[in-house]
Structure formats: structure tokens, C-alpha cells
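Open the structure in your viewer and keep the selection panel handy. We will take a short tour, one selection at a time.

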Amino acid sequence: MKKILIPIITVLIIGTIVGLSTLHRTPRATTTTVHKSRVIQQPQPITETTIAKQPALKYSCIIYYAIKHLKIQRWQEVSDFSLGWQVEIYTDQGQTKYLVWSDKHIKADAKQLQPNWFTLKNDHVTYDSFGVHTFKKDLTTVSMRTILAQIKRDHATKTVRHMPTNLVIKDHR
């Protein structure tokens, strides 16, 4: 009996030691892999309500359309998106006139030539330019709806929404 009892006690002792040692161990941490999916944010569409609340965005829409879609050649003078723009607002004979200069940091001494400009009446923009060599006015009138629709067709919402960061507005009214 002693011969049987010693191996059983030995097995019980070893089993107890192994059991206790596993209870005091911290469980192995499981590794979780997190995969970040890239979500591309689409910019909010530009609407008439949006531009009514954000004049700088409205002017950006108007300038974008002039640069990309007008057939008035002088508007290409303001086509450098990295330089930005300066818009000066004046009232002339009861009509508000928006002068558009290339370069948001342009100084008065650099404003030698008559700039491009636009006027707003109801829902329409009249682009105006003075032909330097022809000495005649060049006019084009476009509705804001047409401008906004063209920006959407061009997939240029992100570009136009970024333009106000490069736009300086000086209101002289």
C-alpha cells in the first residue's frame, strides 16, 4: 500500500503545484490588429444658401468660373491659384462693383492697369473687363445657378472651397 500511496501523493503534489502556478500567471495578451480604412471625405456641395452666408466663397465661385469658362481673355490674368486674389468692393453710381486683382498681397503701386471686375444683380453676375489693346469693354452675364452647376460638373467643389483661404476682401463701401 505504501508503494501505491507514494506515487499518488507525488502526482497530487505536482498537480497542485502546476495548478497553482497557472492560476498566478497573467493570461497572454491577445493581439488585435486594427486596420484603418481610408475614408475619402467628399466636400459639401456649394449651394445658393451656402454662398449667401459666405461672401468669400461666392466670390471664389465667380472667379473660378471666370478663369475656367469665360471667353474674356483678360480674366486669365488672375488665373494663378497659388498667388490668390484681392477683391476690392466699391459703390459706383448706386451699383456695387467688385474689382478682382491677381495676388492677395498686391500693393497700390502695382495696380496700374484697370482690373477685371464683376457686378451682381439679382441672381446674375456680369463679368466686365476693359480690353487693353482694343480699348472697348467686354461684358458677359451669367446666372449664379449656371456657375454653381458648372463647378459641380467640373468636380471642382474642393478647389473652390479652398480658394477663400487665398482671397483678401477689401470693402470700400
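**Stop one: the largest pocket**

The lining of the largest pocket is made up of 6 nonpolar residues, 3 polar ones and 1 charged one. Keep in mind as you look around that this is a predicted model. To see the lining, select Gln42, Pro43, Pro45, Ile46, Thr47, Leu148, Ala149, Ile151, Lys152 and Thr157. The space in this pocket comes to about 180 Å³. Now colour helix α4 (residues 144–153), which provides the largest share of the lining, with 4 residues.

**Stop two: helix α3**

Next, select residues 55–69, which form helix α3. How far apart are the end C-alpha atoms of this helix? They are 21 Å apart, and this agrees with the 21 Å that 15 residues should span at 1.5 Å a residue.

Show the side chains of Leu57, Tyr59, Ser60, Cys61, Ile62, Ile63, Tyr64, Tyr65, Ala66 and Ile67: these are the buried residues of α3.

Zoom in on Ser60, which sits in this helix. Is Ser60 buried or exposed? Ser60 has a relative accessible area of 1%, so it counts as buried, the cut-off being under 20%. Now display Val160, Met163, Pro164 and Leu167, which Ser60 contacts once its neighbours within four places in sequence are left aside.

**Stop three: the aromatic pairs**

The structure contains 6 aromatic pairs. Start with Tyr65 and Tyr127: their ring centres are 6.2 Å apart and their planes meet at 25°, so this pair is stacked. The pair joins distant parts of the chain, with Tyr65 in helix α3 and Tyr127 in strand β4 (residues 124–130), 62 residues apart. Both Tyr65 and Tyr127 are buried.

Move on to Tyr98 and Phe118, another stacked aromatic pair, with 4.8 Å from centre to centre and 5° between the planes. Here too, distant parts of the chain are linked: Tyr98 lies in strand β2 (residues 95–102) and Phe118 in strand β3 (residues 116–121), 20 residues apart. Tyr98 is buried, at a relative accessible area of 8%, and Phe118 is buried as well, at 0%.

Which aromatic cluster does Tyr59 belong to? Tyr59 forms one aromatic cluster together with Tyr98 and Phe118.

Notes. Residues are numbered from 1 along each chain as its sequence is written. This is a predicted model: local features need pLDDT of at least 70, side-chain atom pairs count only at pLDDT 80 or more; totals for chains, interfaces and linings use all residues. Side-chain values use heavy atoms; hydrogens and water are left out. Helices (H or I, at least four residues) and strands (E, at least two) are DSSP runs, numbered from the N terminus. The expected span of a helix is 1.5 Å times one less than its number of residues. Buried means under 20% relative accessible area, exposed over 50%, partly exposed in between (1.4 Å probe, protein chains only). Contact means heavy atoms within 4.5 Å. On a 1 Å grid over the protein atoms alone, a cavity is a set of points where a 1.4 Å probe fits but cannot get out, and a pocket is an open set with protein on both sides within 12 Å along at least five of seven lines; lining residues have an atom within 4 Å of a point. Grid points are joined across faces, edges and corners, and a volume is the space filled by probe spheres set on the points. Ala, Val, Leu, Ile, Met, Phe, Trp, Tyr, Cys and Pro count as nonpolar, Asp, Glu, Lys and Arg as charged, and the others, Gly among them, as polar. Rings of Phe, Tyr and Trp (its six-membered ring) pair if their centres lie within 6.5 Å; planes under 30 degrees apart count as stacked, over 60 as edge-to-face and the rest as tilted.
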